[in-house]
Protein chains: 2
Amino acid sequence: MDMTADAPSPLPADEGSRAAVRRTQILDAAAQCFRSCGFHGASIARISRLAGMSTGHIYHYFDNKEAIIAAIVQRDLERMVTVWAELRASRDVRETMIALSAECVGDHLDADAAKLRLEIITEAARNPEVARIVHAADCCCMASLTETLRIARQMNGMHDDDATLTSMAEVLAAIFEGLSIRTIRNPGLDREGLAAMVQRVIRQTISSPA
Amino acid sequence: MDMTADAPSPLPADEGSRAAVRRTQILDAAAQCFRSCGFHGASIARISRLAGMSTGHIYHYFDNKEAIIAAIVQRDLERMVTVWAELRASRDVRETMIALSAECVGDHLDADAAKLRLEIITEAARNPEVARIVHAADCCCMASLTETLRIARQMNGMHDDDATLTSMAEVLAAIFEGLSIRTIRNPGLDREGLAAMVQRVIRQTISSPA
DNA sequence: CGTTCTAGATTGAACGTTCATTCTATGTTA
DNA sequence: TAACATAGAATGAACGTTCAATCTAGAACG
């Protein structure tokens with residue numbers, strides 16, 4: 001009975017990837033359902049239908065619906081953390097920042113992405129486990145953004161204390177994340193004009209003295 | 001059968017107010033439940049318990065759960081429309097704007113208010129009827145804000161075209177609404193520092209040339 | 001090469017629960 | 001008594017989850 005205990009993962013890499021594919025299939029289907037019905041409005045039946053498998057089979061890959069939600073949240077946030085880490089690692093911070101901000105505006109104005117993001121935030125407002133995941137990811141992103149701001153402003157000869165930089169980062173984050181709300185409230189907004197105005201506000205904020 | 005058709009509201013004022021009290025009771029209870037469980041997670045049983053009445057009795061005042069949601073959304077947005085209308089009507093626009101912005105920052109950073117607002121936006125992202133209500137209210141607010149910006153900037157000798165003013169209003173709205181997301185993602189943020197930074201960014205945006 | 005064995009993948013029906021809504025009965029007031 | 005306020009049980013649908021059964025593909029073996 002003890003003899004098999006040594007093998008850490010009984011599955012060969014081949015079958016591991018098979019399972020990974022299935023997991024991705026489920027998460028993609030779930031994300032789409034969550035977007036259109038919300039975390040609690042989307043049923044396992046609907047998710048499984050969209051994923052092309054039976055309801056029961058979902059439970060071979062996730063313990064329960066909560067676990068699917070957590071995985072969706074994790075996957076979405078990992079992408080965000082990566083983007084901000086890349087920014088911080090880049091050599092020409094200012095150029096990268098401008099380029100990234102354009103991309104970031106577009107991303108936050110995309111209706112589908114905005115829906116899922118809002119679904120996640122709203123769930124974080126009532127589900128402590130989701131709140132924990134969201135907050136942990138946010139700490140990473142905001143630390144990156146704050147340090148990036150420090151470098152960018154030092155290049156302009158300005159030296160701010162931590163509190164100022166932190167608040168500045170919060171406002172910039174608020175602008176981006178607020179765009180997701182705007183695109184829901186007012187779907188017909190002028191995307192290009194808005195993107196230009198966001199860049200203008202950001203540029204001013206970064207380059208103006210304290 | 002035709003004879004009673006003339007009376008627009010068959011209830012005397014007294015009973016109308018009694019019913020109004022009950023309606024408010026239900027809406028208050030519902031708002032609290034929606035905050036902690038979400039629109040779909042909150043059950044009629046829980047709402048009725050908190051409102052101090054039976055489940056069945058709820059249906060004397062609202063056709064169904066959807067109607068309660070719509071009423072909550074309507075009530076929340078009416079307050080917002082009123083605030084912006086007041087701003088536009090005030091004589092010293094700039095002073096009022098600064099004062100209002102402080103109040104507005106505080107309001108959007110309040111966790112309870114933020115939760116309900118996010119719940120509403122998220123519901124608007126998937127429920128067309130709620131989206132309609134939200135969008136209608138937003139049009140009022142944004143029209144007010146745009147005209148207010150026009151006046152404020154003309155006082156500084158700047159004349160912008162409509163597109164510029166509209167985009168500027170969108171960014172300002174995004175900042176405020178984004179704060180509600182920030183307070184969820186990062187509950188421990190420095191409220192006072194953030195409020196000061198928001199005012200600084202707004203002031204710069206309003207007073208800088210196009 | 002053909003057969004048997006086996007373990008994981010997959011299914012769909014069944015279960016118990018919870019929900020929104022309806023219905024019926026009982027107070028309450030004017 | 002007529003009309004309204006209120007309660008709480010009844011209803012049927014939908015949901016998350018479980019489970020026993022079937023399928024599939026490859027390993028073991030002769």
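This is a predicted model: local features need pLDDT of at least 70, side-chain atom pairs count only at pLDDT 80 or more; totals for chains, interfaces and linings use all residues.
Now step back to a single chain. Chain A is divided into domain 1, covering 11–62, and domain 2, covering 66–210. The C-alpha centres of these two domains of chain A are 29 Å apart. Where they touch, domain 1 of chain A contributes 9 residues and domain 2 of chain A contributes 11. On the domain 1 side of this contact you will find 7 nonpolar residues, 1 polar and 1 charged.

Next, how do the two protein chains relate to each other? Two copies of a chain are related by a rotation about an axis and a shift along it. Here, chain B is superposed on chain A by a rotation of 180° with 0.0 Å of shift along the axis, and the RMSD is 0.0 Å. That is the relation of a two-fold axis. Both copies use the same surface, since 100% of the contact residues of chain B recur in chain A. To find the axis by eye, look for B:Gly178: of the residues of chain B, its C-alpha comes closest to the axis, at 1.8 Å.

The contact between the chains brings together 44 residues of chain B and 44 residues of chain A. On the chain B side, helices H1 (13–37), H6 (111–124), H7 (128–155), H8 and H9 (191–207) each supply at least two residues. Which helix gives the largest share? That is H8(B), with 16 residues. By class, this side of chain B has 21 nonpolar, 14 polar and 9 charged residues.

Finally, zoom in on one pair of helices. The axes of helix H9 (residues 191–207) of chain A and helix H8 (residues 162–185) of chain B come within 9 Å and cross at roughly 65°, and the crossing is right-handed. Among the residues making this contact are A:Leu194 and A:Met197 of H9(A) and B:Met168 and B:Val171 of H8(B). The contact of these two helices counts 7 nonpolar, 2 polar and 1 charged residues.

How values were computed:
Residues are numbered from 1 along each chain as its sequence is written. Chains are lettered from A and ligands numbered from 1 in the order in which they are written. Copies are superposed by least squares on the C-alpha atoms of residues with pLDDT of at least 70 in both. Two residues are in contact if their C-beta atoms, placed from the backbone, lie within 7 Å. Axes are lines fitted to C-alpha atoms, for helices over the stretch in contact, and angles run from 0 to 180 degrees between N-to-C directions. Helices (H or I, at least four residues) and strands (E, at least two) are DSSP runs, numbered from the N terminus. A crossing is left-handed if the near helix is turned anticlockwise from the far one by less than a right angle, and right-handed if clockwise. Ala, Val, Leu, Ile, Met, Phe, Trp, Tyr, Cys and Pro count as nonpolar, Asp, Glu, Lys and Arg as charged, and the others, Gly among them, as polar. Domain bounds come from an automatic or database domain assignment.
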